[in-house]
Amino acid sequence: MPLSIIDRAMAMREERGSGAPDPAPRVPAAGVAEPDAWYFAVRVAGGRYAFAAHLVTEVVRLGPLTRLPSAPPFLLGVFTHRGEILPVLDLGELLLRRASPTRPGARAAVVHADPWRVAVLSDEIEGLIRVPRRRIGPAPAAQGAAEFLQAVIADDMGDIAVLEMPRVVSVARTRSVPA
Amino acid sequence: MSDGSRQLVLFQVGARVFAAVAADVRRIAGSLVEREEEAVAETALGRPWDARRGLVVGAPEGERTVLVDGVLGLRAVPDSEFQSLPRFASDILPTAALAGFAILDEVPTLVVDLPTLVREGEPGRGAGPREETRHHA
């Protein structure tokens, strides 16, 4: 089983002997009930990832892709969806350098974090998940694999890496520039 | 550009079909370029397989010929069938020469900014990241 992005970040932090505290659960003030948070979760390359729920506008099936010349491997191409041209991001390739299979009709979550709107290819759509605030911790304080992370959710099925779109785009840009 | 449509030249590089605004093309030539330095073979679009044709483009120093595998023809495309490159793609692609898409027979076809393609193809001016201030088509 490959290391997930969270495993990698944790391992890096341990290697560096970082004194950063563990992502402690947030405890609401006595008598104040914090509302649960909503996320949209997908499975990619054996890991679980999520975006803030309000960023995911719909789930679509990929149409025929138009490949883009000079595009990095994680930018698979574009396709038209209801007259709109959407770029397709292979999250597995970007995060873990493991290409996701692009079978016909594969599903993707459309993430809209202004100004970006992108179809994120996934192996499996988990969909909306409701998370008690106490289960949301800060991202591990590590470089490298953790650079995309906004937070980490611990639920009954394990950890979920919450991705921050501006960081994803920023790192994607850096990796797309030829050496 | 006139009456709400644009004239495009459709051409092929390798297996891919691209489009360019016809007004950017001075003429269509064979691949036999009088001066080798005028030819632009390796671009962000890739390298042509056979380079049987050339798109002659104006450049500050004269003319440059973008070598392509074939010219498929001209086509008038309504303005409504043009879309800019999605911001995510334009932020990530290491070239500014991809101006957007023309929807041709329901297929998004890349519209190439030939002057920019030529400029990027000049020695010492390899394709770099887009400028933040670039206007989208």
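Predicted model: local features only at pLDDT ≥ 70, side-chain atom pairs only at ≥ 80, totals over all residues.
View 1. Residues are numbered from 1 along each chain as its sequence is written, while chains are lettered from A and ligands numbered from 1 in the order in which they are written. A:L163 is buried, with 25 other C-beta atoms within 10 Å; a residue counts as buried if 20 or more other C-beta atoms lie within 10 Å of its own, as exposed if 12 or fewer do, and as partly exposed in between, with C-beta atoms placed from the backbone. Neighbours within four places in sequence aside, A:L163 is in contact with A:Y49, A:F51, A:F148, A:L149, A:Q150 and A:V168, contact meaning that the C-beta atoms, placed from the backbone, lie within 7 Å.

**View 2. Helix α3 of chain A and what covers its buried residues**. Helix α3(A), residues 165-176, has twelve residues and reaches 16 Å from its first C-alpha to its last, close to the 16 Å expected at 1.5 Å a residue, the expected span being 1.5 Å times one less than the number of residues. Its buried residues are A:M165, A:V168, A:V169 and A:A172. Seen down the axis of α3(A), these buried residues fall within an arc of 95°, so they line one face of the helix; the arc is that of the directions from the helix axis to the C-beta atoms. The cover over them includes β11 (158-163) of chain A and α1 (87-92) of chain B.

**View 3. The largest nonpolar core**. This core has 82 residues, and those with the most contacts inside it are A:V88, A:L89, A:V120, B:A20 and B:V112; a nonpolar core is a set of buried Ala, Val, Leu, Ile, Met, Phe, Trp, Tyr and Cys residues joined through C-beta atoms within 7 Å. Beyond its neighbours within four places in sequence, A:V120 is in contact with residues including A:V42, A:L89 and A:V111.

**View 4. The side of chain B that touches chain A**. Here 19 residues of chain B are in contact with 22 residues of chain A. The elements giving two or more residues to this side of chain B are α1 and β9 (98-104) of chain B, and α1(B) gives the most, with five residues.

Note on methods: Helix = DSSP H or I, 4+ residues; strand = E, 2+ residues; numbered from the N terminus. Contact = placed C-beta atoms within 7 Å.
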